[in-house]
Amino acid sequence: MLQRYGDLDEVEPRVVDDAALEHPVTPAPPKALRVALGGVAALCVAVTVTHLVMVFLQVAPANPISERFARPIRAWIHPWFEQSWYLFAPNPQSNKVQILARTMTSGAKQPSGWFDISAVDRADVRHNPFPSHTTQNVLQSSWEIYQESYGEDGKPTASTPVQEKYLRNIAVQRITAHSPHPFQQIQLEIVTTLIAPPAGGPAAPADSTAPETTTLPWWNVTPNGS
Amino acid sequence: MAVDQTPRALPAPRRAELRPAGTTTRRWKDPLGRAYRFLTERPRSLYAAAFLRIGFGLLYLTLLVREFPNRQQLWGPESPWTPDLARQSFAQSGWFSLLTLSDSQQYFEACYFVALLAALLFMLGWHTRAASILFAIMVASIRGRNLSIVDGGDNLTFLVVVYLTFTACGRRWSLDSRRARRRAAIRFPDAIQPTSERAPGLRANAGVAREFTATVLHNCAMLVIMAQLCMIYGATSLYKVQGEMWDDGTAIHYVLNLDGFQPWPALSHLIDSHQLVVTVLTYLTVLVQVALPFSVFSNLKYVVLAFLIPMHLGIAVVMGLPLFSAVMIVADAAFLPDRFYRAAARLGRRARHARRWRWARAAPALDTP
């Protein structure tokens, strides 16, 4: 039965189903309408099935079908339904990344000392039950995306300059808060250390556990980002 | 624990009425007709859709409030990812964002406010269809403004929010449904009247067509959401199977040692120091994720969810990823049937009544209805 005021939820729909409320008994619609509605249903089902097949092919590893139909898949999926679910897969990241920066003021003979800008992020996460995107998803991801922007042959691609500016802007923003002087140039150094395998567990990857250092070139800092 | 006092036998006669003897054999006849009726008769999983609406609305609202102090840095005109860089990257990514249409600070603040408002209205279910479309546009805009910071939770949120625009997610637990009930109560105080009798002809047919389309769209979209989740779990687990760290049972050790995901280092080290625990967790993670797509059609899903939800809670605390974990947990709830939500709502109501009653007894002076 229908309640007069508010909360139908107060009464469990027992005899009259909820559905009956919204779908009152109606005389059967004319045949033309029924056929048209059948068409609507068929269209919805067709779109649903196509969408699921397309998403499956985009998510699945490269295979003969997805190669053969690469263009229609991309046309359907790109850009709104593009997705990647490599969450800690195939292997979780097995190294720690430290990002250091130093600056150069014009007229000064020597650059500033190295400042660990990633340490600020780590300190922010410590004892924080709800860390921000700014500390977990900005600096290190921008470094990863910048690295990936170099193609497999190690040559810069079309997205490299954009990602370079992003990484530089982040570094400038982070270091400005800790730099006593205005500066005109900035340089980044990335120190990567392998996480030691568990003691007594399966053998470590053969590589040495010594930290690996990458030093990027000096970048000019200008307000308009050139 | 309250004792269930509702007459349990009540639904039984209905079932007997609907399914006369011999239906089990007839079930296999006319499978196409059955599928058609399943798809078009009524919107299925309305409670799950409502739960997704409330859950994703609330979580996005939480994100916007949490990042409110950092909004400039993440999405504002002064962000390191400048509007110019975002516009350049759209050429490659094909994305779009309302936020890059202007570099003005006021415009950005206005957009952020609209996003907050859209999330709130969507969560409450106020003019749900319109609110859901506005909400989806705002989620896409904020996401597109800085694609490099999105994580798995943000990706899933965007997909589900887009799919939800096609569902009838405002029919339960919403301001819309409350309004509809009140209107119905005023118009037909004593009985349910077929509305179409009062407006026969073209208008009635238009109403039928509208309801039919909404139903089919809803059912298809709910199917897409569930299938999408199955593909996520399937993909992420099968990718993991290919990694040697998941194979040799050490993956969780490396996850526990990631710098940016160690809010409680003592806790991470404590878990890490028990190799047995690490190995069991590593294998369990993969197994449960592999199992989900195969369990959703049976009651086995409750077992899988009983493992998945604590796993996500663990990620929330140990790795400092509460929002990501909450998104995954809310999404998993899409698989729960309506009878589960009804039972949960009943339990909640009973607890509320019991508390009210106890309160009334403790303070008899209070005039409680």
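When I say contact today, I mean heavy atoms within 4.5 Å. With that in mind, 89 residues of chain A are in contact with 109 residues of chain B.

Some housekeeping, everyone. This is a predicted model, where local features need pLDDT of at least 70 and side-chain atom pairs count only at pLDDT 80 or more, while totals for chains, interfaces and linings use all residues. Residues are numbered from 1 along each chain as its sequence is written, chains are lettered from A and ligands numbered from 1 in the order in which they are written, and side-chain values use heavy atoms, with hydrogens and water left out.

Let's start with the interface. The size of an interface is often given as the accessible area lost when the parts come together. Here chains A and B bury about 8,800 Å² between them, 63% of it on carbon and sulfur atoms; that is the area lost with a 1.4 Å probe, summed over both parts. A:W80, A:W85 and A:F130 supply 9% of the area that chain A buries against chain B, more than any other three residues.

Now for the polar side. There are 24 residue pairs in polar contact between the two chains, both residues at pLDDT 80 or more. A polar contact is a pair of N or O atoms within 3.5 Å; within protein, one must be able to donate a hydrogen and the other to accept it, and residues adjacent in sequence count only if both atoms are side-chain atoms. On the side of chain A that touches chain B, α2(A) gives the most, with 13 residues. Helices here are DSSP runs of H or I with at least four residues, and strands are E runs of at least two, numbered from the N terminus.

How many salt bridges are there between chain A and chain B? The count is one, taking a salt bridge as a side-chain nitrogen of Lys or Arg within 4 Å of a carboxyl oxygen of Asp or Glu. A:R122 pairs with B:D259, the closest N and O atoms being 3.8 Å apart. A:R122 also forms a salt bridge with A:D116, at 3.1 Å. A:R122 is buried, at 16% relative accessible area, and A:D116 is buried with 16% too. Buried means under 20%, exposed over 50%, and partly exposed in between, with a 1.4 Å probe and protein chains only.

Over all chains, the structure holds nine salt bridges. One of them joins B:D176 and B:R179, at 2.8 Å from N to O. Those two are three residues apart in helix α10 of chain B, so about one helical turn separates them. B:D176 counts as buried at 17%, whereas B:R179 is partly exposed at 26%.

On to the core. A nonpolar core is a set of buried Ala, Val, Leu, Ile, Met, Phe, Trp, Tyr and Cys residues joined through side-chain atoms within 4.5 Å. The largest one has 105 residues, and A:L188, B:L156 and B:I225 have the most contacts inside it. Leaving out residues up to four places away in sequence, B:L156 touches A:W85, B:L229, B:I232, B:V327, B:M328 and B:A331.

Last stop: helix α17 of chain B, residues 322-332, where B:S325 lies. Eight of the 11 residues of α17(B) are buried, among them B:V327, B:M328 and B:A331. B:S325 is buried as well, at 1% relative accessibility. Beyond its neighbours within four places in sequence, B:S325 is in contact with B:H312, B:I315 and B:A316.

Notes: Buried area = accessible area lost by both parts, 1.4 Å probe.
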